[in-house]
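Dear colleague,

Please find below the structure that I am handing over to you, followed by an account of what was found in it.

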Amino acid sequence: MSRPTGSWQHQAQHRGRMWAASPAFRRQLVLLRSLLPQSPPPSSPPSSVVGRRFAPLSSPSGTSGSLRAAHAMAAATVYEADAEAVVRRITPPLDRARHNGQAGNIAVIGGCREYTGAPYFAATSALKVGADLSHVFCTKDAATVIKSYSPELIVHPILEESYSVKDDERASVSSKILTEVAKWMERFDCIVIGPGLGRDSFLLDCVSNIMKHARQANIPTVVDGDGLFLITNNLGLVEGNPLAILTPNVYEYKRLVQKVLNCDVSEETASEQLTALCQKIGGVTIMRKGKADVICDGKTEVTQASTFGSPRRCGGQGDILSGSVAVFTSWAQHFIVSNEQPTEKRVNPMTLGCIAGSLLLRKAASLAFEKNKRSTVTTDIIEFLGKS
């Protein structure tokens, strides 16, 4: 049978088959099919199971004892997520009986004079993924610019930076900002802290108060960008919070490890170090972004999503990811609650949100790069979210 030529899709499938047949893959980490239904054994009554984990893949014949031991150790610590299955199961169906807001109401806290693109990328990505409503809480200087990008975002120009607030007015202004955000907080399914936030001291203090309020209201919180700078210097904002998701890149992760574990990043013991970091902070879910996005909550197995995306590393992709993770996390929470799984059998919805968001960004980036090649920018990737 002749193979068609010139088809990128076919080449990708062929590369996938070659990879699946390679010894390297057989030594690779086992699959975690996170949300596939599991058939109960004949002796057990039928039950609804959120997910199942497959046994480690067998080592190739002739593998040395030391290599088998290393393989077993790796297989015991990191699992490749069946991300497509996760996306299919947690994404709610489009239903004419639903009303505005039921598919997700997301808020992005960020945006200042210097950075207006990042909050826009995060907020509009949330809409493109499928959220019904997307808000941006930003400084007054950033609000008009962000509004001009899109009429579909609800923009709140309420944050302030130091230069615009007198010293003797800081306490009252900070209280006013928190009061204004608190009016909206109960409506949100998830908030994103950090895109375009900047590092102004007064602004960071105001956002710290917003994070504390969101925690008291049990609102899931994705922390990215300058939000990670904030929590690295004030770990109490996320310590012991199981509804917090941190999405550090290589540099942000390095600062977190040095701050929390008082050591340098180790690639040889990467999964163990990531687990230790989650446990030390307590309760949070961390998605370490990289060639493969590695996800851990400190309680369950370390999971990775390694679908190839794009070799083009234009700025703003992390903002797309944070907005996407926020939506998928809210959907995962609703899915798990509505399926009434016993608490001890529930999969962490924060982990599921990270897996789904990672896959969607990577597929969108791949499609955008296929079309635009080296000229690919973040807005190109956003346009492909719906086709991914």
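Which residue stands opposite Ile 191 in strand 7? The residue is Ala 107. Before the details, two remarks on the basis of this account. This is a predicted model, in which local features need pLDDT of at least 70 and side-chain atom pairs count only at pLDDT 80 or more, while totals for chains, interfaces and linings use all residues. Residues are numbered from 1 along each chain as its sequence is written, and side-chain values use heavy atoms, with hydrogens and water left out.

**Strands and their pairing**

Helices (H or I, at least four residues) and strands (E, at least two) are DSSP runs, numbered from the N terminus. Two strands are said to pair if DSSP finds at least two bridges between them.

Strand 7 covers residues 190–193. From this strand, Cys 190 and Val 192 point one way, whereas Ile 191 and Ile 193 point the other way. In a regular strand the side chains alternate between the two faces of the sheet. All four of these residues in strand 7 are buried, a term that means under 20% relative accessible area, with exposed meaning over 50% and partly exposed in between (1.4 Å probe, protein chains only).

Strand 4 (residues 105–109) runs parallel to strand 7 and is joined to it by four bridges. Strand 7 also pairs in the parallel sense with strand 8 (residues 221–223), over three bridges, and here Val 192 stands opposite Val 222. Together with helix 8 (residues 201–216), strands 7 and 8 make a right-handed β-α-β unit. A crossover is right-handed if, with the strands pointing away from the viewer, the path from the first strand over the helix to the second runs clockwise.

Strand 4 is likewise joined to strand 5, by five bridges, and the two run parallel; Ile 106 stands opposite Ser 134 in strand 5. Strand 5 (residues 133–139) is largely enclosed by the rest of the structure, because six of its seven residues are buried. Strand 5 and strand 6 (residues 154–159) pair in the parallel sense over five bridges, with Val 155 in strand 6 as the bridge partner of Val 136. Two further right-handed β-α-β units involve strand 5: strand 4, helix 5 (residues 117–129) and strand 5 make one, and strand 5, helix 6 (residues 140–149) and strand 6 make another.

**Aromatic rings and charges**

Rings of Phe, Tyr and Trp (its six-membered ring) pair if their centres lie within 6.5 Å; planes under 30 degrees apart count as stacked, over 60 as edge-to-face and the rest as tilted. By this rule there are four aromatic pairs. One of them is the edge-to-face pair of Phe 328 and Trp 331, at 5.4 Å centre to centre and with 90 degrees between the planes. Both residues lie in helix 12 (residues 317–338), three residues apart, or about one turn of the helix. Phe 328 counts as buried because its relative accessibility is 3%, and Trp 331 because its value is 8%. Elsewhere, Tyr 120, Phe 121 and Tyr 149 form one aromatic cluster.

A charge sits over a ring if NZ of Lys or CZ of Arg is within 6 Å of the ring centre and within 35 degrees of the ring normal. The charged end of Arg 113 sits in this way over the ring of Tyr 163, 4.0 Å from its centre. For Arg 199, the ring is that of Phe 229, and the distance to its centre is 4.0 Å.

**Residues in loops**

Two residues have a positive phi although neither is a glycine: Asn 218, at about 60 degrees, and Lys 373, at about 50 degrees. Asn 218 is found in the loop between helix 8 and strand 8 and is exposed, with a relative accessible area of 55%. Lys 373 lies in the loop between helix 13 (349–372) and helix 14 (378–383); with a relative accessible area of 44%, Lys 373 is partly exposed.

**Contacts across the sequence**

Val 78 and Gln 304 are 226 residues apart in sequence, yet 6.9 Å apart in space, C-alpha to C-alpha. Val 78 is found in strand 3 (residues 78–81) and is buried, with a relative accessible area of 10%.

With kind regards
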